[in-house]
Amino acid sequence: MDFSYPAEVERLRTDLRDWLSANLTEELVAARRPAGRDDAAIEMLRAWSRTMADAGWAAVSWPREYGGRGATVLEQLVYTEETTRARAPMPLNVIGMNNIAPAIMQYGTEEQKKTLLPRMLRADDIWCQGMSEPEAGSDLASLRTRAVRDRDGFVVNGQKIWTSLGHRADWCQLYVRTDPEVPKHKGISCLIVDMALPGIEVRPLVTLNGEADFAEVFFNDVRVPGDALLGPLNSGWQVATTTLSHERAGAARLYAEMQARLEEMVDDFAAAREGRAPGPLEDPVILRRLGEIAVRVKYLEVLCQRSISATLHGGDPFASASLAKTVWGEIGQDMAALAFDVLGSRGADGSWASYRLTSRSLTIAGGTTQINKNITAQRVLGLPRK
């Protein structure tokens, strides 16, 4: 895990730092976590995506023929560290670029690649992913949304929920059941669906913090053309679980994000000292809690680097990454609780109060803690399934 950076990797770090210094504004940093209902922030981030794409920084992990840099694992690691520490906004299409684009690159037709990927890279089109349903969350194979094939394509009926940016999306990577007679994971197909098609109804979902980052999506006799199929018919499970991922150092974002949040929290505690004696950073109880979180963030860094090291040396990065995700979520919740305990609803214009509410989702979104602990038990500890 003692990474040694070649000269070309350090050059990329320097080039990226210089570019961010020249292009990343305070306004963009402030907009990096936009509410789903904030139109101005969404448009600002769309423009930022185009700026990054034009400069070749939007998706360094993508192959060069699709607008990326074909970055190595270490180059991806440096990119993630530097953009996170600079508080650069995440791409507006982060799910599309990290999850959907690799599937299109592997399974898509040449027409799909040529048409969809450049617009995704620049956020000309916003993408969402139709996986979760009211009765199928972590268990994708239990999905019920049906697609019946006819001579012109497919007719889709069903519902998706907790669809990130679903109410803003132009396109959806939609997982549907196309064969109900076979074992459930063998009868799934993947469709690329234009969200403007008749019969699609989208309802934004307002979460605890009052924002609308998610939506539920209803499909009522939606006619999808046959060329919207991504990958072979009834092979959607393989598309969903494809191991092709150009974002092989993505685990670095977990610890880099928490390091950045910890620094912000300490700065806000220092700023809150005015009129208080002692200030938050002079309170031994608060200092102890800060110290515990700082140690856990360092532990998270080691876990993430183990995952990246496994990628570099042919090991199993998924097992340690699943454990890291669990730790990341728990640290985020404890950090949010500490910040709210100290600053209340007034700290940093209320951002910590919002994060206190948002943090409840950290152990659910992207794989629940329960699912990740099962993975850790089986793949790290070698425990039996039963």
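This passage describes the overall build of a predicted model, then its strands, its nonpolar cores and a few individual residues.

The structure is a predicted model, in which local features need pLDDT of at least 70 and side-chain atom pairs count only at pLDDT 80 or more, while totals for chains, interfaces and linings use all residues. Residues are numbered from 1 along each chain as its sequence is written, and side-chain values use heavy atoms, with hydrogens and water left out.

The protein contains 12 helices and seven strands; helices (H or I, at least four residues) and strands (E, at least two) are DSSP runs, numbered from the N terminus. Its radius of gyration is 22 Å, close to the 21 Å that the globule rule gives for 386 residues, so the protein is as compact as a globular protein of that length. Here the radius of gyration is taken over C-alpha atoms, and the globule rule is 2.2 Å times the number of residues to the power 0.38. Along the principal axes, the C-alpha atoms fill a box of roughly 75 × 50 × 45 Å. Buried residues make up 49% of the 386 residues, where buried means under 20% relative accessible area, exposed over 50%, and partly exposed in between (1.4 Å probe, protein chains only). Of the contacts (heavy atoms within 4.5 Å) with a separation of 6 or more, 73% are between residues 24 or more positions apart.

Turning to the strands, two of them count as paired if DSSP finds at least two bridges between them. Strand 4 (residues 171-177) has six of its seven residues buried, so it is largely enclosed by the rest of the structure. Strand 4 runs parallel to strand 1 (residues 127-130), to which it is joined by four bridges, and Cys128 stands opposite Cys172 in strand 4. Strand 4 is also joined to strand 5 (residues 188-194), this time antiparallel and through seven bridges, with Arg177 opposite Ile188 in strand 5. Strand 7 has antiparallel pairings too: nine bridges link it to strand 3 (residues 153-164), and six link it to strand 6 (residues 200-205). In these pairings Val155 stands opposite Arg223 in strand 7, and Leu205 stands opposite Phe214 in strand 7.

In soluble globular proteins, nonpolar side chains tend to be buried together. In this model, the largest nonpolar core has 73 residues, and those with the most contacts inside it are Trp62, Ile104, Met265 and Leu300. A nonpolar core is a set of buried Ala, Val, Leu, Ile, Met, Phe, Trp, Tyr and Cys residues joined through side-chain atoms within 4.5 Å. A second, separate core of 19 residues includes Cys128, Leu197, Val224 and Ala228. Leaving aside neighbours within four places in sequence, Leu300 is in contact with Leu254, Tyr255, Met258, Ala324, Val327, Trp328 and Ile331.

Helix 10 (residues 317-343) has 27 residues and spans 38 Å from its first C-alpha to its last, close to the expected 39 Å; the expected span is 1.5 Å times one less than the number of residues. Helix 10 is mostly covered, with 19 of its 27 residues buried. The residue that follows helix 10 is Gly344, whose phi is positive, near 65°.

Gln112, in helix 6 (residues 110-121), is buried, with a relative accessible area of 7%. Leu230 is found in the loop between strand 7 (214-225) and helix 7 (236-240) and, at 0% relative accessibility, is buried as well. Not counting residues up to four places away in sequence, Leu230 touches Gln112 and others, among them Ala103, Ile104, Tyr107, Gln173 and Val239. Leu230 and Thr109 are 121 residues apart in sequence, yet their C-alpha atoms are 7.9 Å apart in space.

Most residues other than glycine have a negative phi. Trp162, in strand 3, instead has a positive phi of about 55°. Asn234 has a positive phi as well, near 65°; Asn234 lies in the loop between strand 7 and helix 7 and is partly exposed, at 24% relative accessibility.
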